[in-house]
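Please report on the aromatic contacts, salt bridges and sheets of this model. Keep it brisk.

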Amino acid sequence: MSISLQDFTLEAYLEELRPLIDVDCGTLTKEGIEVIANQMESKYLDMGWYVKRVDCGVAGTGLEVRNKPDAEHIDVMMIGHMDTVFPVGTVAARPMTHDENRAYGPGVSDMKSGLLNVVYALRNIDKAVTDKLSICICMNPDEEIGSLHSEEWLKSVAVNAKNVLVAEAARADGSLVKARKGMARYRLGFAGKAAHAGNDPQSGRSAITEMANWILAINALTNFETGTTLNVGVVNGGAGANIVPDQAEAVVDVRFWDNDEYAEADAKIRALTETPFVDGVTITVDREAHKPSMVPSEKTEALMALVEQSGEELGIDIKWQEVGGGSDANLTAVMGIPTLDGLGPAGAGFHSADEYLELNTIEPRIKLLMRVLEKLAA
């Protein structure tokens, strides 16, 4: 059971991918995000789809694309992000390039090629399939910082969705993603009292000493057996070695499989503010980001079986991975919606100068997405 891509050539695909890569569009770089949004909007309007621009505040524009804008339900919701992690100037330093096997550049696999694969799948799929399905594609501008400014919008759309497919890159070996760890990020502030470290140290209240005790307490919450890990990754504080420090700050990353265990860790972190280790130091806890873990349900396993059957029919070996990083799939999975991730072409080196896209996976993954949509329509 073959699927054909009309007039597909790798050269044409790469030329369409290039202007999506050669734009500085790191999260909160609104001008660059707007360039990407305009390109994607144009592609869907040319296909006759309906495009709604969504204001995501300081993050910029989101796009909500539908083939049946008046439908109350969504058979298939597809999600992708337009931002990267790279600062302004990255494109000038290393614009998109490619050799016989791979393409390189900022966001080439995370996840501009995923966005483009969705376009190619919908351009080439039989109209009879899309006539049977209500499809919505959401493209947000801030996934790389935890979708802080788009989460509410994405959830408001997903509540009407029967299935969610996320076109993040497949892993380097071609594996799709069935589970993702949850994540949270905290910014901890410590306010003490300054004093001269030589003349009057006893009058001071050290914010750094308080922070040091917190670091040990937070480390003690890690449970490697269950996969709940806490990492104090950034610290700063103090103004000089001869001053008892009156301020300090720490940033903590949390990863977890068990949402209930994370809730317990969250409660313990917040409870620590009630009993400072150093009298007279006050602590603020600001949770800057949170995504619950994505764990397959029975309905998700049925969707996995459908993807596996699609791959078998196309001669694509479907493998699955559980990964530590979060994505927008976490947001919809916790709502009880069957959600799968990694439906884009394969790549690796995400968030680094070594990021790459495997060219020989582009066309097969477009066909896989088309076949999955055909089966959902049937």
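## Aromatic cluster and ring contacts

Phe 8, Tyr 13 and Tyr 120 form one aromatic cluster. Rings of Phe, Tyr and Trp (its six-membered ring) pair if their centres lie within 6.5 Å; planes under 30 degrees apart are stacked, over 60 edge-to-face, and the rest tilted. The model is predicted: local features need pLDDT of at least 70, side-chain atom pairs count only at pLDDT 80 or more, and totals for chains, interfaces and linings use all residues. Residues are numbered from 1 along each chain as its sequence is written, and side-chain values use heavy atoms, with hydrogens and water left out.

The whole structure holds six aromatic pairs. One of them joins Phe 8 to Tyr 120, edge-to-face, at 5.8 Å centre to centre and 80 degrees between the planes. This pair links distant parts of the chain. Phe 8 is in the segment before α1, Tyr 120 is in helix α4, and 112 residues separate them. Helices (H or I, at least four residues) and strands (E, at least two) are DSSP runs, numbered from the N terminus. Phe 8 is buried at 16% relative accessibility. Tyr 120 is buried too, at 8%. Here buried means under 20% relative accessible area, exposed over 50%, and partly exposed in between (1.4 Å probe, protein chains only).

Phe 190 and Trp 214 make another edge-to-face pair, with 5.6 Å between centres and 75 degrees between planes. Phe 190 sits in strand β9 (residues 182-191) and Trp 214 in helix α7 (residues 207-219), 24 residues apart. Both Phe 190 and Trp 214 are buried.

## Charges over rings

The charged end of Arg 123 sits over the Tyr 120 ring, 5.1 Å from its centre. Arg 94 lies over the face of Phe 86, at 4.8 Å from the ring centre. The rule asks for NZ of Lys or CZ of Arg within 6 Å of the ring centre and within 35 degrees of the ring normal.

## Salt bridges

The count comes to 22 salt bridges. Each is a side-chain nitrogen of Lys or Arg within 4 Å of a carboxyl oxygen of Asp or Glu. One of them is local: Arg 18 meets Glu 15 at 3.4 Å, N to O. Both lie in helix α1 (residues 10-21), three residues apart, about one turn of the helix. Arg 18 is partly exposed at 24% relative accessible area. Glu 15 is also partly exposed, at 46%.

Other bridges span the chain. Glu 143 pairs with Lys 291 at 3.7 Å, N to O. Glu 143 is in the loop between β6 (135-140) and α6 (151-158), while Lys 291 is in strand β14 (residues 282-291), 148 residues apart. Glu 143 is buried at 6%, and Lys 291 is buried at 2%. In Glu 313 and Lys 375, the closest N and O atoms are 2.9 Å apart. Glu 313 lies in helix α9 (residues 298-314) and Lys 375 in helix α11 (residues 362-377), so the bridge ties together parts 62 residues apart in sequence. Glu 313 is partly exposed at 23%. Arg 185, Arg 187, Glu 249 and Glu 288 are linked in a salt-bridge network.

## The β11-β13-β9-β14 sheet

Four strands form this open antiparallel sheet, in the order β11-β13-β9-β14. Strands pair if DSSP finds at least two bridges between them. The edges are β11 (229-237) and β14, each pairing on one side only. Neighbouring strands are turned by 15 degrees against each other on average, direction ignored. Axes are lines fitted to C-alpha atoms, for helices over the stretch in contact, and angles run from 0 to 180 degrees between N-to-C directions.

Eight bridges join β11 to β13 (residues 247-256). Asn 231 has Asp 253 in β13 as its bridge partner. Helix α7 lies across β9, β11, β13 and β14, at about 170 degrees to β11. Helix α8 (residues 259-271) touches β9, β11, β13 and β14, and makes about 160 degrees with β14. Contact means heavy atoms within 4.5 Å.

## The β4-β5-β18-β17 sheet

Another open sheet has four antiparallel strands, ordered β4-β5-β18-β17. Its edge strands are β4 (97-98) and β17 (347-348). Three bridges join β5 (residues 102-104) to β18 (residues 356-358). Tyr 104 stands opposite Tyr 356 in β18. Helix α4 (residues 108-124) lies across β5, β17 and β18, at about 50 degrees to β18.
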